[in-house]
Each structure stands twice: as C-alpha cells, then as structure tokens.
Amino acid sequence: MTRRRAQRWTIHLAAACMAAAACAGAAAAGQGAADNPVPVVEVLGAAQPRDEKPYRDLLAALDAVERQRQLAPGATLRFKVWARRADIDMTGLEARIVGPHTDIPVPLAADHTFAIQRDAAAAADDAIVRFNRKAGSLAWRADVRSPGVPGHARRLGDLMLECAADVKGDLFAYLHHPVNMLLSKLDDPCRTVPLNLFNFADRPVFSITLVAGERRSMLPAAFLHGDAAVPFPGHEDWLAQRERVYKVKFKALYDAGWPDDTLLVFDFMDEDAP
Amino acid sequence: MTGARFGTCLLLAACMAGCAATGNGAVTTLSRERAAQAIVIGTSTRADIEKAFGQANVTRFANGYELWLYQVGYAKAVDGIPYVNLLVSSADNRRELTILFDRTGVVRKYQLLDRTP
C-alpha cells in the first residue's frame, strides 16, 4: 500500500470510528464535548513564525465586499482576531504591515478589530499583515457592520459580506487547503455552496432567532457552539471560542427567501431573553 | 474494503445514530406545559433535570456555563463527522430541548424547539 493510500484510509477509518461513536452518543449522553484539549507542541530553538496573512489576501477581501456592496450599502469592513487557544494572552497585541521595503503600523481597537487601507506599494512589496504572536495563535475573521443594527443582533446581508471576505481573503484557518483554493475561485461561494463556516458572536450565545418582519425561526442546536465531534482539532480555529460560535447556512436561508435585512437576534447566555 | 462497502457502513452508522432520542425519551412527548413544570428557571438543578429527562449530551464552556441537549433524531455528533455530515444533519431533527445551566448548576434558560417537516 502506498503512503498516500495509507493516509487516505487512515482518514476513512477515523471517520468511521467517529460515526460509530455518534451512534452511541444519540442514546447515551456524550459527556463534555468542549473538554477535548487541543495538544500544543512548542518547538524551541528557531525563530518563531508570527501569526500573519498576506496583505494581498486582505485586499482581495476588500474587493469581495465592494463587488457585493448591495448586500449592505452602508456597512464598513474591518478585520478582527480572536484567541485561537485558551492559553493565548491578547494583552499588548500589535499588528504591522511588513515587507522588504514596508513597515506600517496597524492601529488596533480595544475589541481587536482593525481596518486595512489600500497601499499599492505594500501590495507590490508582497507585504504581510503580522501580529506579535506565534503562528497559530489567532483566529481571523472579517467584521462587517451596517449602521443602526441593535447590539444583540446581526444583519444577514452583513454576515454574507463577512463570509465573502473570509473566503476570498482566505481567513479561515481550517479551510487553508486545496478546497479553499477552489472555493475562493467561485464568484459567490457563500450563496452557491452549503459551506460549514463558524462565526463568532460578540458574547456567549444561548440561542439565535431569525427575524424578518413577522417571520421568525429559531436556529437548531446543530448551528450553535460548534461541532460536538472534532476529528482534527489542530485544524480548527474556533475551539477556544466555542460558547460564541454559530453557523449560518446562507445558501439554505436565501433559497428559503430570507432577505438581506433579516436580523439574527441573539439571546446571550448572561442576559434575559430579548 | 471497497468504496461502496465503506459508504454502506457509514450510511448504516448514520441510520443507527438517528434511531434514538437522548436521555430517557421523555422529551419525545414533552408538552410545553409539562416542560414549564419540570424546568424552573433559577430553581431547577442538574440533578432535577437528569431525574426528569435522563442523561443529556453535555457541553461545558470556558465561562463556567453548561449546556444540556436532548435531541429526538440524530445526535449532534454527526454534524462534525466527515462524509456522514454530507448525508444527515441534526439540524433536521424533529425536536430538541436545550437547557443552559449557570456556574452554580442551576437552570438559567431553556428552549424546546419543534421543527415542522
């Protein structure tokens, strides 16, 4: 058996084992889905690579938002980073756009959001946006906000733009493989492919209700707090934010006629229901 | 093992996962009135809920809160399994009961969700 074939069957076997575990889990309770610790291996001796993204990828995210601007005409695009592991200290976080001939500080807001300005020289310099944290420390997401949206809600059109920016900017850590390369080539991957992408709420969330006029629908538990089974935790960037995680199935929602102005109304864990 | 045989195994596993309800099965026929009696926000404890509904799928969060999930149909575990999650999703379940416990182990919120086919 070739090595490639052996690897493929290892993945198949892992999937089968997980499927068998799920069978037992439906009848007998599975305990502590959030308790699976992510093993961390620190390699000492060499200069540590920093958590970074190509500047051009972030420009591609800006372009994606501009192409679909009609989804959220008054919205602004920022980027946001989250701790990818529980042991990551976000105190003193700093970012810079750096390249052979580029060094531009990136102002960070208190909530770890930041804006990216277009700079042709930085793009030509193959610059990168780099944080003062080791590689794999941060989860990156686009942050699109239309004015006038209540603090306990997000607008569907804004989230669609975030998805477009996340995919085109290659921000999802767990999609950084050939599949993502293919997705990023699609014109409108968020609306045409049933993606399983993880968003982060502003606070720990208990439930989410879609509201469009008189129409209401609650999201099922399947879309909240991430997956119960995580076959490859080292590939995921959302595990440390599990209490905030939610999925939006854009294709299904738009196919069902939910408009861009639909609000996702959050019932946060630590407050009374809205 | 051929690809077809492997696919059959996965399908069988998925079907088996969908043949059960979490806990003691009480959620299957739970009315909203009965739920309001059995689950008292600010009062009911984990022990009370386990006595009424059996063992749940439990998710513990870093903030100290705990979520108990009872599902009629597929376990949420299927949603993260490669290949299987292409065939089935717990989002299609007919009914689910979600209960949030605060840091002291007392019910803070709950939600009984029915899905119209």
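User: What makes the span of helix H4 (residues 156-168) of chain A close to the expected one?

Analyst: In this predicted model, H4(A) has 13 residues and reaches 18 Å from its first C-alpha to its last. The expected span of a helix is 1.5 Å times one less than its number of residues, and for H4(A) that expectation is 18 Å, so the span is close to it. Helices here are DSSP runs of H or I with at least four residues, strands are runs of E with at least two, and both are numbered from the N terminus. Asp170(A), which follows H4(A), has a positive phi near 55 degrees.

User: How do you know that H4(A) is mostly covered?

Analyst: A residue counts as buried if 20 or more other C-beta atoms lie within 10 Å of its own, as exposed if 12 or fewer do, and as partly exposed in between, with C-beta atoms placed from the backbone. By that criterion 13 of the 13 residues of H4(A) are buried, so the helix is called mostly covered. For chain A, 37% of the 274 residues count as buried.

User: Why is the set that includes Met160(A) and Ile99(B) called a nonpolar core?

Analyst: The term denotes a set of buried Ala, Val, Leu, Ile, Met, Phe, Trp, Tyr and Cys residues joined through C-beta atoms within 7 Å. The largest such set has 82 residues, and those with the most contacts inside it are Met160(A), Ala164(A), Val205(A) and Ile99(B). H4(A) gives the most to this core, with 8 residues. In soluble globular proteins, nonpolar side chains tend to be buried together.

User: Which residues is Val205(A) in contact with, leaving aside its neighbours within four places in sequence?

Analyst: Contact requires C-beta atoms, placed from the backbone, to lie within 7 Å; beyond those neighbours, Val205(A) is in contact with Leu224(A), Arg244(A), Tyr246(A), Phe266(A), Phe268(A) and Met269(A).

User: Why are strands S2 (residues 76-83) and S7 (residues 138-145) of chain A said to pair?

Analyst: Two strands pair if DSSP finds at least two bridges between them; S2(A) and S7(A) have 8, in the antiparallel sense, and therefore qualify.

User: How are residues and chains labelled, and which confidence limits apply?

Analyst: Residues are numbered from 1 along each chain as its sequence is written, while chains are lettered from A and ligands numbered from 1 in the order in which they are written. Because the model is predicted, local features need pLDDT of at least 70 and side-chain atom pairs count only at pLDDT 80 or more, whereas totals for chains, interfaces and linings use all residues.

Note on methods: Contact = placed C-beta atoms within 7 Å.
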